[in-house]
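Could you walk me through this structure, step by step? I would like to learn how to read its features.

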Number of protein chains: 2
Amino acid sequence: MLSINKKKYLKSLSNKKNRLIDNKILIEGLRIIEEAIKSKSSFEHIWFSNKHDKESDKIISLIKQIEKNNITYSFEKEKDIQSISNTKNSQGILGLIDVSNFFNKELNNFSDKVIILDQISDPGNLGTIIRTCAWFGITSIILTSASANIFNPKCLRSGMGGHFYINDCIYLSDDEIINFINAKKYKLYCATTTGESIYNIKIESRWALVLGSEAHGINKKLLFGETISIPKHGNIESLNVSIASGIIINQLIRKK
Amino acid sequence: MLSINKKKYLKSLSNKKNRLIDNKILIEGLRIIEEAIKSKSSFEHIWFSNKHDKESDKIISLIKQIEKNNITYSFEKEKDIQSISNTKNSQGILGLIDVSNFFNKELNNFSDKVIILDQISDPGNLGTIIRTCAWFGITSIILTSASANIFNPKCLRSGMGGHFYINDCIYLSDDEIINFINAKKYKLYCATTTGESIYNIKIESRWALVLGSEAHGINKKLLFGETISIPKHGNIESLNVSIASGIIINQLIRKK
């Protein structure tokens, strides 16, 4: 049974400060929880709403995975689950995850494909970009401090479990990013609306790609790489940043 | 000045039924309104919050566009604008648009590149796809009835003005879509997770692309075309549908 204090605690994790206190996040929904299990995340517990039919194939199959991974779980009153949930219509599955090891301070480990997110302040866009990175096997992400919090509930929701496939993630200042790019000899691509077509550039095997906010673009300090862009066909001013990230990443890594 | 009844009316347009009564929609935000003006939409009026500095470059430039297009506008109390707005932090610019001519029943006019959206129920995704279509110059869209309403406030918001570049838009049943594709001899591509790589298919000059919901994919009746997919590199189960649409549309129309 969920005690009042436990409910309060779980609810409090929608707040960034509270998540930082002991590095715990609450995730919601069947698919996100499935991805987190698949990627061997450190679960503390999983709660199901008792509205679920325990005999349904979906629940039986999920519980099999949960037990195989030695994760504890319980069924709780629907109204308790709903009161903790961050969504209006909760799917009735919540998981508590320890993310103490999520942020990697060891820049030497970063892979040879790095995404740098500058001032991506919309958590929905940020989550979608993380999901896209996970799909394309990109596991190293750097964020500037003006970006949204990566564990914001909306970001987790649109990330759809993509977070749990990221191996290296860190928030850095502009100067730290510049030093990193130079020291580690990455080819830097900067996504803009006026750069060279992504179909005309030489694609290096070791690169970092900077994506800026829709409102402000990439800040000047980080604009020292090769500017690249997606050729436009229609009349509208701009493309959504997560759509742009998908098209560009796809082009940078795609097998011919 | 905004009367109580006018405020009530404008507020009521967040509801689909009310929008249908006289084919009016309310749009919000600087960029969306700019795109709507640029694309010659039928404005009834534009309201600014008096929180805006009338002497700012941004407002002067916008008002110049508004006057050039003979659109009426007024400045109103911030609290009135906020009370009508669909967002928590309104940008303080609202526009009322007549969309009587938005839905095109004349299928003969549809261009040789058509996007078919099947059960795209998330209005944010739907809007982002519309914005992506506008970017790529795709102006003909068909939706199945289980898709979100194209004028849902969230859809308008994520559409970022893309709606106003769509020339042909219609909601059709599956059977009507099948008849249309066959009669008009479109090559049909169906985006799935198991189809042929988008890099290995022959791209015809006249095509329709079906995109299905993330939860259910494309319904069986519409799955009669060539199934195509984006090669996956990472481990996560799926890509966001709007990201997938961006990558696939880009590939189908891109100049080599």
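Q: Which residue is the bridge partner of H45(A) in β4(A)?
A: Strands of a sheet pair through backbone hydrogen bonds, in a parallel or an antiparallel way. In this predicted model, H45(A) has L96(A) as its bridge partner in β4(A).

Q: In what sense do strands β2 and β4 of chain A pair, and over how many bridges?
A: The strand β2 (residues 42–49) of chain A runs antiparallel to strand β4 (residues 93–98) of chain A, and the pairing extends over six bridges.

Q: In what order do the four strands of the open sheet in chain A lie?
A: In chain A the order is β1-β4-β2-β3, with mixed pairing. β1 (24–28) and β3 (73–76) of chain A each have a single partner strand, so these two stand at the edges and one side of each is left without a neighbour in the sheet. On average, neighbouring strands of this sheet are turned by 20° against each other, direction ignored.

Q: Which strands of the sheet does helix α3 of chain A touch?
A: Helix α3 (residues 30–38) of chain A packs on the sheet and touches β1, β2 and β4 of chain A. The direction of α3 makes about 35° with that of β4(A).

Q: How many helices and strands are there in chain A?
A: Chain A has nine helices and ten strands.

Q: What do the dimensions of chain A tell me, and what share of its residues counts as buried?
A: Start with the box: along the principal axes, the C-alpha atoms of chain A fill roughly 60 × 35 × 30 Å. Next comes the radius of gyration: a compact globule of 256 residues would have one near 18 Å, and the 20 Å of chain A agrees with that. As for burial, 43% of the 256 residues of chain A count as buried. Among contacts in chain A between residues at least 6 apart in sequence, 81% join residues at least 24 apart.

Q: What rotation superposes chain B on chain A?
A: A rotation of 180° does, with 0.0 Å of shift along its axis and an RMSD of 0.0 Å. That is the relation of a two-fold axis.

Q: How many residues of chain B are in contact with chain A, and which elements take part?
A: Here 29 residues of chain B are in contact with 29 residues of chain A. On the chain B side, the elements giving two or more residues are α3 (30–38), α6 (123–135) and α9 (241–253). The residues on that side divide into ten nonpolar, 13 polar and six charged. Since 100% of the interface residues of chain B are also interface residues in chain A, the copies meet through the same surface.

Methods
Residues are numbered from 1 along each chain as its sequence is written. Chains are lettered from A and ligands numbered from 1 in the order in which they are written. This is a predicted model: local features need pLDDT of at least 70, side-chain atom pairs count only at pLDDT 80 or more; totals for chains, interfaces and linings use all residues. Copies are superposed by least squares on the C-alpha atoms of residues with pLDDT of at least 70 in both. Two residues are in contact if their C-beta atoms, placed from the backbone, lie within 7 Å. Ala, Val, Leu, Ile, Met, Phe, Trp, Tyr, Cys and Pro count as nonpolar, Asp, Glu, Lys and Arg as charged, and the others, Gly among them, as polar. The radius of gyration is taken over C-alpha atoms; the globule rule is 2.2 Å times the number of residues to the power 0.38. A residue is buried if 20 or more other C-beta atoms lie within 10 Å of its own, exposed if 12 or fewer, and partly exposed in between; C-beta atoms are placed from the backbone. Two strands pair if DSSP finds at least two bridges between them. Axes are lines fitted to C-alpha atoms, for helices over the stretch in contact, and angles run from 0 to 180 degrees between N-to-C directions.
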